[in-house]
Amino acid sequence: MSYLHLAILAPLLLSIFMPFFYKRFHLIHTGWFVLPLPILLFLYFLSFIPITSTQKTVTESFNWIPSLGINFVAKVDGLGLLFALLITGIGALVVLYSIYYLAKNKEKLNTFYVYLLLFMGAMLGVVLSDNLIVMYAFWELTSFSSFLLIGFWYEREKSCYGAQKSMLITVFGGLAMLGGIILLYIMTGTFSMTEIMSQPNEIFHHDLFIPALLCILLGAFTKSAQFPFYIWLPDAMEAPTPVSAYLHSATMVKAGIYLVARFTPIFGESSVWFWLVAGVGLITLCWGSIFAVKQTDLKAILAFSTVSQLGLIMSLLGVGAFALHYEGLDDNIFTAATTAAVFHLINHATFKGSLFMAAGIVDHETGTRDIRKLGGLIHFMPITFTISMIGAFSMAGLPPFNGFLSKEMFFTAMVRVTEMNMFHLETWGISFPVLAWLASIFTFVYSMILVFKTFTGKFQPEKLDKKPHEAPIGMLISPIILVSLVIIFGIFPNLLSDSLISPAMAAILPSLLHAREAFEVHISFWHGPTIELFMTIGVIIMGLILYKTYPKWQKIFKVIPEKLSLNHVYDQTIKGSQTAANKLTNMYMNGSIRTYLVYIFAFLITLLTITLMWKKAFKLDSGNVSFIGVYEWVLAILVVVGSISILFVKSRMTSIILLGAVGYTVSLFYIVFRAPDLALTQLVIETISVALFLVCFYHLPKLRKFETRMRFKLTNALISLGVGSVVTAIALSAHSHKLFSSISQYYVENTYEKAAGKNMVNVILVDFRGFDTLFEITVLAIASLGIYGMIKLRLNRGKE
Amino acid sequence: MMKINNIILETSIKVLLFIIVLYSVYIFTAGHYYPGGGFIGGLMTAGALVLLLITYDIKTVAKILPFNYRILTAIGLLFAIGTSAGSILFNVPFLTHAFTHVDVPILGELSLHTATLFDLGVYFVVVGVTMTIIQTIGEDE
């Protein structure tokens, strides 16, 4: 166990002490006890930058289940470190924000911080684990803790709905991912990411390549809220705002991005990968941005914008995988797409985090998040307005903020796709820049709506619960820090290129690097009058026109009926599967014993008949049959007549007597076949059971004491005939197939010699096979105690 | 209401009971050599007691024979498991029986067998079980 392991597990360990802090130091906000940890971890992870920026990795291993190849191997490379810094950095800011956001006396702070720390530890585990099974374990822990956090206000119905929805969808994807991991294990024989990476060719030509790819992508898409799995994210907005800012903008939703980036070296060369990652990313981008415009809730707009921005990063990663088709770094135009993806990943975390926090402040200080009620807040909350404006302008891609730079690079990458002449991109490639441009326009529109509908326009104090005022300074610190980063990264974009972006790219595209080579990342502010610049200008002009005319074309969203939405599909699927399962169960579990017996016997008949046919086992051999005497004939006729007449008699009394007759005939059979012990026992037992039947008969309730013949049912007749014939056929074939002689000769020889008895049956019962007898008498004892208990202990009868 | 006089039944039972019990004991003890054994012997003893029950009522029989048949069942199980487990003490597998022939002055040659003790357990269990069932059902309203 190294310091690195300790750093990953530290949040989980600290979470154990949270309830203690909460109870013991009730006057201090529990968040203050949490805050030092992410800061310390952030500083600790910063110390790795010198190592990763020279393309080195740190690997620490801790044995967990070595016999199965499952060990907790922590590995820090550029990509993992980038995510770890995001998680701890934004984690620290979110904790600080939450201290002012959540009231000390009203909320259950102990549970909140336990969940949050669980999540933080799980997320660190996901990005820093080299062993796939360990990564999967942490992955599920993120789903689980996110479920708990979304349902934090569990007394609200919508919180529970959102939590359940996110749980179902992300766990579905997580399970698919586990399948993918297992398929990879089958292909390579190892769970270690590093070792899997070292044999890409074997994986690429394996039959299971495509299934594994699909499974892994399913995990990534559900977690990262890609189309059509994005539907859980808007409903997850029921969580407290710090949670939305942390999980659903900066970290958890990027776990899928991390997964795609991580697996690019393995799957990236396949066309399926390209089309799925880039295609689904682009669809998500457009879909999310268009639907964000429709929303009226601040957090819903942000949720859809998160979906859309994640789609953007995803599509960039898909396009970035093209770089793998080139040898080396020279003239490799598609590495720029990966640069853009990594850069936008950082940018998105900064501006989306600050926007969520600003939305939380607005909610906190006015009591609503509905933009139809808000307006004119600029005079009351100038600082929040500034934060929102910078964040939103960066999101829209306006200079001089960092969003502008990543958007330019995004356009560059998408335009370059058209130059490719593989994977049918000659014909379809043109759709990439067009869709990207379209989505950017809508991104611009909703960014404007977000800022200007909230902070400008008419102030409507009558619709607000509280009198709005500026937030306390503690609440503003975190968004101010994030927004300053937006500006700093915007003005000095190369600040991060060598320390974070280049090592991260080295982890995504390792095969392109030769020894001691590093990606040259140079993000420039001014490209000159290129096509990207004109696209951005076009976005701004079109966006302004659409924003100004928004009330006029707003109605277009109503054209799309609610029934066609994916939420409706999800709800119907959940409801439908429940009703279908109910119907199915009610159909065959009808509660009637007769039906269940029909199932059991029908199954017996089918199974045995098929086996007999299939194995060609039916055989009739009369060579082994003894002579049948007169006694046997007579007794057989008696039994047959007795049994058949039971079916046709009217009175129950008669059938009991007939049953007794059959039983006594059987004991006569025992006599004929020379089994005196059996005959004796059979006689007595038959007498007792007939007596018991008579007792039961006597106690039948008078209400329904009409006597009728048994009703004829065709199924019953067929089933009973079937069982009879199958069992007869098996008995005959078994008798005809005698494969070896009986062991009875041993008993004949040794009954007197070894057991000092002459009654062989009894000697077998008490000596040779006494063990059976021991438990048979136990069965008898249990039966008698059962009867005693049933009759004597009737506690419920009086109460009814 | 006039009491029905069952004098013939009651008298004949007094004779029959001992014959049946004697026969059941014979069947039990002869079991190792001739048809019979603990099971049928126990059933027959129970049959004798049932005849007693039919002749008299449950309370009278309980007064004559103050047995708790559930305890009898337990004793029977204890016998069976005891004889089976006893073999372990002699370092042989579970349920290994031992027997010997002894010359007793008056009775002549006698064979003693631990299997008989096991069978006695069976006998007790069967008597106990049958009587418990019949008594319980009989007492039920």
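Predicted model: local features only at pLDDT ≥ 70, side-chain atom pairs only at ≥ 80, totals over all residues.
Colleague: Which elements of chain B touch chain A?

Modeller: The elements of chain B that give two or more residues to this side are helix H2 (38-55), helix H4 (69-89), strand S1 (99-104) and helix H5 (114-139). H5(B) gives the most, with 13 residues.

Colleague: What classes of residue are on that side of chain B?

Modeller: The side of chain B that touches chain A has 22 nonpolar, 12 polar and 4 charged residues.

Colleague: How many residues does each chain bring to the contact, and what area do they bury?

Modeller: Chain B brings 38 residues and chain A brings 37 residues. Between them the two chains bury about 3,200 Å², and 74% of this is on carbon and sulfur atoms. The size of an interface is often given in this way, as the accessible area lost when the parts come together.

Colleague: Let us turn to the cores. Which residues have the most contacts inside the largest nonpolar core?

Modeller: They are Phe45(A), Phe263(A), Phe267(A) and Val319(A), in a core of 219 residues.

Colleague: What is Phe45(A) in contact with, leaving aside its neighbours within four places in sequence?

Modeller: Its contacts include Leu4(A), Ala7(A), Leu81(A), Leu85(A) and Leu128(A).

Colleague: Where is Leu95(B) placed, and is it buried or exposed?

Modeller: Leu95(B) is in the loop between H4 and S1 of chain B. Leu95(B) counts as buried because its relative accessible area is 9%, which is under 20%. Its phi is near 65°, a positive value in a residue other than glycine.

Colleague: What about Asn91(B), buried or exposed?

Modeller: Asn91(B) is exposed, with a relative accessible area of 73%. Asn91(B) is also in the loop between H4 and S1 of chain B, and it has a positive phi of about 65° although it is not a glycine. Most residues other than glycine have a negative phi, and most peptide bonds are trans.

Colleague: Which peptide bond is cis?

Modeller: The bond from Phe227(A) to Pro228(A) is cis, with omega near 0°. Pro228(A) is found in the loop between helix H11 (209-223) and helix H12 (232-235) of chain A.

Methods:
Residues numbered from 1 in each chain as written. Chains lettered and ligands numbered in written order. Heavy atoms only, no water. Contact = heavy atoms within 4.5 Å. Buried area = accessible area lost by both parts, 1.4 Å probe. Helix = DSSP H or I, 4+ residues; strand = E, 2+ residues; numbered from the N terminus. Nonpolar A, V, L, I, M, F, W, Y, C, P; charged D, E, K, R; others polar. Core = buried A, V, L, I, M, F, W, Y, C linked by side-chain atoms within 4.5 Å. Buried < 20%, exposed > 50% of the residue type's maximum accessible area, 1.4 Å probe, protein only.
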